[in-house]
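Hello,

Here is the structure for your files. My notes on its side-chain contacts follow.

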Amino acid sequence: MILALHQTVYEEWNLIFISLFLGAFLVAVYDIFRILRILIKHKNIFVHIQDFFFWTFATIFIYYIYYQYYYGQIRAFFLVFMLLGAFLYANTLSRFLLFFVNTLKNRLKKVRKKGKMKRNQKVSK
């Protein structure tokens, strides 16, 4: 009886960590799209298409995890911890990552602009 209880508690903690990781993972995957949007300008239609594919992937992936670990049962704590993992990642690592990418892009723009100005000055002399 006690051994079975320990196994159940272990499984529940394991599922909590899986849920946290899944939420963070999905935001990290979405960050890839956000980084691409920062580096390469996209028209609105392409943003919508990317979002459609992301949410399709996310839905299938969440359903797969639900099916594998919860045998298809809907559990509120799975959703709560998945949202918590997404929130924690989005407000910590994601912010730093996007800030770094934006800073790098802006510095590269400045270097390109200075290079063009120097080239134009040489040509005009």
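Buried means under 20% relative accessible area, exposed means over 50%, and partly exposed lies in between (1.4 Å probe, protein chains only). By that scale aspartate 31 is buried, at 0% relative accessibility.

This is a predicted model: local features need pLDDT of at least 70, side-chain atom pairs count only at pLDDT 80 or more, and totals for chains, interfaces and linings use all residues. Numbering runs from 1 along each chain as its sequence is written, and side-chain values use heavy atoms, with hydrogens and water left out.

Salt bridges next (a side-chain nitrogen of Lys or Arg within 4 Å of a carboxyl oxygen of Asp or Glu). The count is three.

- Aspartate 31 pairs with arginine 34, closest N and O atoms 3.2 Å apart. Both sit in helix 1, three residues apart, so about one helical turn separates them. Arginine 34 is partly exposed at 32%.
- Arginine 37 pairs with aspartate 51 at 2.7 Å between the closest N and O atoms. The arginine is in helix 1 and the aspartate in helix 2, so the bridge ties together parts 14 residues apart in sequence.
- Arginine 75 pairs with glutamate 12 at 3.3 Å between the closest N and O atoms.

Helices here are DSSP runs (H or I, at least four residues), numbered from the N terminus.

Regards

Technical notes:
Helices (H or I, at least four residues) and strands (E, at least two) are DSSP runs, numbered from the N terminus.
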